[in-house]
Amino acid sequence: MKKINIGLVGFGTIGTGVVRALKERNSLLTKRSGMQLVLKRICDKDITQRKTVNVDRSILTKNIDDILNDKEIDIVIELVGGIHPAKEIISEALKKGKHVVTANKALLAECGLELFRLSNSQKRDIYFEASVGGGIPIIRSLKEGLVSNKFAAIYGIVNGTSNFILTQMSQQGISFKDALRDAQKRGFAEKKPTLDIEGFDSAHKLIVLAQIAFGKFVKLSDIFVEGISRISLDDIKYATELGLVIKLLAIAKKQKDELELRVHPTMISKQHLLASVDGAFNAIHLSTDMVGDLLLYGPGAGQNPTASAVISDVVSLAEKVNSSSMFVPFNFEQTGGRIRRLRKIDQISTRFYIRFMAIDKPGVLAKISGVLGKYNISIASVSQKERRRAKIVPVVIVTHEAKERAMRLALERLNKLAIVRESVAIRMEET
Ligand code: HSE
């Protein structure tokens, strides 16, 4: 039986899950793959034994060269995270003829094109199932299960931390701050939560999805990113009254030869499939030309789900190591149809939910609607809520489809009026 040697870099939470699964499920994996998967080396800065899994001390090392220079190692799993030294480790591994498995969405988002070109020139592959959606086999679905499809749109809840916070706010009636604190206590949010709550983690994952689905490598700066830190309990409550739910969505839409990519809090109908994706769960809704609409749902993080995704990549690559046929890379570049340009956020139109905190006196609504009218923004519904503070009332307006640029200019104008004390605008999607 063919033996496949694996080197693991990064023995943290996910690494520990991978080691345990390779150990405890070895005979299952051997039966299913027809190969023997051998964890030959583990490299980490800290090589003290993890309590939850026992490994032979002789395979632990602090020196990355023990993996990179080991000619017998066929596959390197990179679970270090971040850009450096993960990028150098992956590049070196490819140059030394090893296939690579990574969960590193930030690195793929920033350096994906460069790394995939290197992997092609080295005739080795990079697999990255765990980079998006944790245990959900989304990458494999896009690359293999849906290989004959063209994609029209992707709507993803791909950040468990933000989804957990929004769910807690809406179900427990607690503020963003309290929900974040609760998430941190329960281990759903990092001590430094910016990457998750400000939408950047979702944007990294959107970049990875766009690479495969649309064959377009984009930069973070090409994507409009807005997080959830300004979402208030009031807006969640008013959304509920309108039959809507607020979710942090990563959105990719292709219209003719234009692609739009954005991440922002979005109001969707509570009937929408994504509306019931609660807690730390992730889901990706795809619109394709052959299958139509489909939804992939599951845990987007966690030790076992993510380790499951990593091991699926190891098995796929082990088959490549074992195969005598020629190396054929998956061709990402420009395989999603021609994309002439990326749409800037100003060129996008959506419906909007807007909430103003306005002075409660005659003529105020007329003034607000007058400014919206001037910018060609058509109102679909208006409701004035109960007074919260003396003389200040929340006014909630839902618009018909409006141009982003027009909305931005209208809000700038409205915010200068003495009658408007605060304004919040949340985009809506009807998918
Ligand atoms: N921090 C991510 C999340 C999990 O909250 O979904 C890993 O991608």
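The cut-off for a buried residue is a relative accessible area under 20%. The structure is a predicted model. Gln168 belongs to helix H7, which covers residues 160-172. A polar contact of 3.0 Å joins the side chain of Gln168 to the side chain of Asp182.

At least two residues of the shell come from H7, and at least two come from helix H10 (200-214). The shell comprises Lys105, Val158, Asn159, Gly160, Thr161, Asp196, Asp201, Lys205 and Ala301. Three of these residues were examined at the level of single atoms. For Lys105, a side-chain N or O atom is 2.7 Å from an oxygen atom of the ligand. For Gly160, the atom in question is a backbone N or O, and the distance to a ligand oxygen is 2.6 Å. For Thr161, a side-chain N or O atom lies 2.6 Å from an oxygen atom of the ligand. The ligand exposes 260 Å² when taken alone, and the protein buries 80% of that area. The space that the ligand takes is the largest pocket.

Glu404 is placed in helix H14, residues 404-415. Its relative accessibility is 8%, so Glu404 counts as buried. The side chain of Glu404 forms a polar contact with the side chain of Arg427, at 2.5 Å. Arg427 is also listed among the residues touched by Glu404, once those up to four places away in sequence are set aside. Ile345, Asp346, Ile348 and Phe352 complete that list.

Val420 is part of strand E18, which runs over residues 420-428. With a relative accessible area of 6%, Val420 is buried too. Neighbours within four places in sequence were left aside in listing its contacts. Val420 then meets Phe356, Met357, Ile368, Leu414 and Asn415. A further comparison concerns Pro394. Val420 and Pro394 are separated by 26 residues in sequence, and their C-alpha atoms are 10.0 Å apart in space.

Technical notes: Residues are numbered from 1 along each chain as its sequence is written. This is a predicted model: local features need pLDDT of at least 70, side-chain atom pairs count only at pLDDT 80 or more; totals for chains, interfaces and linings use all residues. Side-chain values use heavy atoms; hydrogens and water are left out. Helices (H or I, at least four residues) and strands (E, at least two) are DSSP runs, numbered from the N terminus. A polar contact is a pair of N or O atoms within 3.5 Å; within protein, one must be able to donate a hydrogen and the other to accept it, and residues adjacent in sequence count only if both atoms are side-chain atoms. A residue is near a molecule or strand if one of its heavy atoms lies within 4 Å of it. Accessible areas come from the Shrake-Rupley method with a 1.4 Å probe; for residues, only the protein chains shown count as cover. On a 1 Å grid over the protein atoms alone, a cavity is a set of points where a 1.4 Å probe fits but cannot get out, and a pocket is an open set with protein on both sides within 12 Å along at least five of seven lines; lining residues have an atom within 4 Å of a point. A molecule sits in a cavity or pocket if more than half of its atoms lie within 2 Å of its grid points. Buried means under 20% relative accessible area, exposed over 50%, partly exposed in between (1.4 Å probe, protein chains only). Contact means heavy atoms within 4.5 Å.
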